[in-house]
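Good morning, colleagues, and thank you for joining.

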Amino acid sequence: MRLSVSLGLWQDRPPEEALETARAAEAAGYRELWIGEMATWDAFALGTAIGAATSSLSLTFGPLAVTVRDPATIAMGVASVAALTGRPTGVALGTSSDVVVRGWHGRSRARAATALEESAIAVRQLLSGEKSTVDGSVVGSRGYRLRLAAPKSPVTIAAFGPRALDVAARHADRMVVNLVSPAAAASLVRGLRDAAARAEVAPPAVAAWVVGAVDPGPAEIEQLRRGVVGYLAAPGYGEMFREAGFGGLVDFARTRPHPRELLAAVPVEAIATVGLLGSREDVAAKAREYAEAGIDELAIVPATGDDDPGGAKTLAACRSAVVPFDA
């Protein structure tokens, strides 16, 4: 199983800790770092800083919301970091959530799957050094070519629903899923393979973002519990937690209680459903479950705290507990 690291961008920790996580990932021997975009850093600015603070990590940006960033700005950002840091770069595209797209950015998520497909086509053209030719019905780019060197970056598609799986099958070099149990991961892998068969193409590899905490303390547990609160009532995710035995928790979440009440109701076992949590032996066993589900890569999102700033302890322990095939 391939291993990589994704920044948690935890809201209860100093934003600058992202640089500590990057350095810890490199020190532990990981080769790739995923740099998402939430409420703090611009992903490309942070990626440039990480490139200066480390020496060998490849950098994958996203998943970036395709109805927030257009293909030309995505390609310019990826090419900028590649040129400024000299690192291999990749990009992941997704549709994000109503909170981010509609609430924070004032954009529409209408026809999100169409926007995802059109963006994937245009971004791939641009990152390959071609002139863009996509006259999309939702997003597009025509007549632009990168002035910087084309980074030839691979394109990853974030998928959860059936339409996104179809897009990933036809347009992705890799698919990524987020916060899923091994059982849910297996279902998504089957969906991707079915979509690829319909399109008569080979299915791409599949990565799963999984939270991780080895021998966690109370602060790390609280951080991870807080991290799942927003998913419990969400379509698809709620059903996943229900199938894992947390139906009562999902029903409570869908009554829209105050977040503090919902947080208080989240058991540690719910976190363990969707991540690498516990001893090294627990982590190794859970990684095997993901491998058996068809996951090719685990992107570890390490919990952090004062006892493990940057998640260095967890990243080193996961690296030794899970034998990667790219070691």
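How many salt bridges does a search of the whole structure find? The search finds 16. Please keep in mind throughout that this is a predicted model.

The side chains of Asp12 and Arg226 meet at 3.4 Å, N to O. Asp12 is in the loop between S1 and H1, whereas Arg226 belongs to helix H8, residues 218-228, so this pair ties together parts that are 214 residues apart in sequence.

I turn now to the domains. The domain assignment divides the chain into domain 1, made of 1-30 + 208-326, and domain 2, which covers 33-158. Their C-alpha centres are 25 Å apart. To the contact between them, domain 1 gives 17 residues and domain 2 gives 19 residues.

How is the extent of such a contact expressed? In general, the size of an interface is often given as the accessible area lost when the parts come together. Here, domain 1 and domain 2 bury about 1,500 Å² between them, and 69% of that area is on carbon and sulfur atoms. On the side of domain 1, the residues that lose the most area to domain 2 are Leu9, Glu26 and Trp209, which together make up 35% of what that side buries.

What of the polar and charged pairs across this interface? Between domain 1 and domain 2 the count of salt bridges is 0.

Which elements of domain 1 give two or more residues to the side that touches domain 2? They are strand S1 (2-6), helix H1 (17-27) and strand S11 (297-302). H1 supplies the largest share, with 5 residues. Sorted by class, this side of domain 1 holds 10 nonpolar, 3 polar and 4 charged residues.

A word on the database record. An unreviewed UniProt entry places the feature "domain: Luciferase-like" at residues 14-297. In the model, that span is 50% helix and 16% strand, and its end C-alpha atoms lie 28 Å apart.

Finally, I wish to point out two details of the backbone. Pro63 lies in strand S3, residues 58-65. Lys152, a residue other than glycine, has a positive phi, near 55°. Lys152 is found in the loop between strand S6 (141-142) and strand S7 (155-158).

Thank you for your attention.

How values were computed: Residues numbered from 1 in each chain as written. Predicted model: local features only at pLDDT ≥ 70, side-chain atom pairs only at ≥ 80, totals over all residues. Heavy atoms only, no water. Domains from an automatic or database assignment. Contact = heavy atoms within 4.5 Å. Buried area = accessible area lost by both parts, 1.4 Å probe. Salt bridge = Lys/Arg side-chain N within 4 Å of Asp/Glu carboxyl O. Helix = DSSP H or I, 4+ residues; strand = E, 2+ residues; numbered from the N terminus. Nonpolar A, V, L, I, M, F, W, Y, C, P; charged D, E, K, R; others polar. UniProt positions renumbered as here; feature names shortened; annotations may be inferred.
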